[in-house]
Amino acid sequence: MNDERLKLTLEHYKAVFPSRWNEEKYKWEAIWHFQNYWEISAANFTEMFSLSTEKAANLLDFGNHFPRKMMIAYAKQNPEKVRNLFIHLYDETKEIKERVLQFQSEIKSLYNQYSAGLHHYQHLMAVSVYLWLRYPDQYYIFKYSICRTAAKELQSAFIPKRGDIVENLKGNHTLLDEIARGIAADTELVQLFQKVRTEKIYPDKFFHTAAYDVAYYLTGEMTNSRKKKFTKKEQTSYSLKLTKEQWMQLLKNKLTKREYDLVLDVMREEPLILDNPEYEWYEKESFLYEVYMTSEKYDTLRALLLKKQNIILQGAPGVGKTFTAKRLAYSIIGLKNENQIEMVQFHQNYSYEDFIMGYKPSGNSFELKYGIFYRFCQKAAKNPEQPYFFLIDEINRGNMSKIFGELLMLIEKEYRGMEVTLAYSGLPFSVPKNLYLIGMMNTADRSLAMIDYALRRRFSFFTMEPGFSSDGFRNYQKELNQKKFSILIEQILALNLEISKDSTLGSGFCIGHSYFCGQEECTEEWMKSVVEYDIIPLLTEYWFDEPAKLQNWQNRLRGVFDD
């Protein structure tokens, strides 16, 4: 960190301290209030949680971000599960990484049970606030935009990265530790804090809350200084609805210095992008961090979708087709925005009436109901400057002609925007040009060997392969640091080689990497369960008529765990 920049920041902070304190003292009051009302064993946990966190509402419920309200809703549904959630989070005998990751895992369970389709909002900032309220002399609040701006302006060696939970917590702690030490060394600033301290103001003896407030102040100052460069008319002349990719394209064009600064200003200031965790940046780097694919293949896949507008991700079981499809959409949008994505799964009985429109029972009569694809097309048409993505899982299981009807022609790129008259409503309709179709298809499904020609002609096919050799998976394997896991993966690679050479199977039947992903702790029990209940049943289906080969691979895979 640049000590001179920090000293200058603290000088400016002291100059505005009296007026600033009146607006920001709630942070210190929130800690005092929490410390006095928090009681993990309270008979009414929901009521206790609501009361103890009410002074921290500014940090836990703001804009379109409601972690506190959602946690209260979960506590009303299952107070004991939420109580245990915080018991584990506040257990200082365990490593912080283990606690935070367990918290995130348990939240997903509550989300799936009580609020699927909505948002749980329990992102890293919320978790850091919970920790800070309980142990204010040990933890700091983490907010991505504040940490990033402060780190850059103070020339810190650490710059946070989206999605890197553990490293962001560590880096934020180091950054704010340095600011806290700077505050402690500034006698004048220490005295200012001492003068405003009252009975209901938390002492903050290590200046942890003060350090966060300085970073928050610094972020606001940089924002204000950039705003002063431009008139209101100039600021509103650029649309705030552009994706990051579109902004970056603007920057590559020949802009004047003033226009260049303005674009950077709007990029930094757009609250929908920077401050709302629902809409965090999602770029190629984010994709490659989560999806085990090479950079070159990502570029090919992205270019193929943008050119054709209709693609199918085909591949063996476990290569992550559905996971990849959604993250490919995020990376093109530039944001992790679910509002621009819709998903369905086809099956043999899926129909035009489900997909486009049809008459459905309503009381004693029938009513014309719009299907999911029709509604999504209408949604995309209202915002033509933004890309929208319709994902279809098991696309080859549906009868394309039956499902799409007269729209089968309209999904082709050259016919986008062209209108046809719908059979049921008699109204004109078109598939918008900003809508992209991504289908997923399992190549190991023997019952679907023949692919509808209509599907072949309208979609490009991209084959996804197991990602064991990708940099992402290798880094994941290295982080797990489990000898038997590495031995198991070696056996899977050998197994895939044999499957590929098998004339009755081929590479489309290989074992995918996703069976082995998503683990923070790699236990022998988990590995055994994957082998016994995922891999071996699959091999039993593959080699039902070759018992010797099946027995050989059962022995090899189970042998990984022999001592």
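**Overall architecture and local features of the predicted chain**

The chain exposes about 27,800 Å², of which carbon and sulfur atoms supply 49%. The structure is a predicted model, and its secondary structure comprises 27 helices and nine strands. Of the 563 residues in the chain, 49% are buried. Where contacts link residues at least 6 apart in sequence, 70% of them join residues at least 24 apart.

Helix H5, spanning residues 67-77, packs with helix H6, spanning residues 79-89, at an angle of about 125°, and their axes lie 5 Å apart. On the H5 side, the contact is made by Met71, Tyr74, Ala75, Lys76 and Gln77, and on the H6 side by Pro79, Val82, Leu85 and Phe86. By residue class, the contact of H5 with H6 contains seven nonpolar residues, one polar residue and one charged residue.

Positive phi values occur at two non-glycine positions described here, Phe207 and Glu394. For Phe207, phi is about 60°. This residue, Phe207, is placed in the loop that runs between helix H11 (187-196) and helix H12 (208-227). The relative accessibility of Phe207 is 10%; because the threshold for burial is under 20%, Phe207 counts as buried. For Glu394, phi is near 55°, and the residue is located in the loop between strand E5 (388-393) and helix H22 (400-404).

How values were computed:
Residues are numbered from 1 along each chain as its sequence is written. This is a predicted model: local features need pLDDT of at least 70, side-chain atom pairs count only at pLDDT 80 or more; totals for chains, interfaces and linings use all residues. Side-chain values use heavy atoms; hydrogens and water are left out. Axes are lines fitted to C-alpha atoms, for helices over the stretch in contact, and angles run from 0 to 180 degrees between N-to-C directions. Helices (H or I, at least four residues) and strands (E, at least two) are DSSP runs, numbered from the N terminus. Contact means heavy atoms within 4.5 Å. Ala, Val, Leu, Ile, Met, Phe, Trp, Tyr, Cys and Pro count as nonpolar, Asp, Glu, Lys and Arg as charged, and the others, Gly among them, as polar. Buried means under 20% relative accessible area, exposed over 50%, partly exposed in between (1.4 Å probe, protein chains only). Accessible areas come from the Shrake-Rupley method with a 1.4 Å probe; for residues, only the protein chains shown count as cover.
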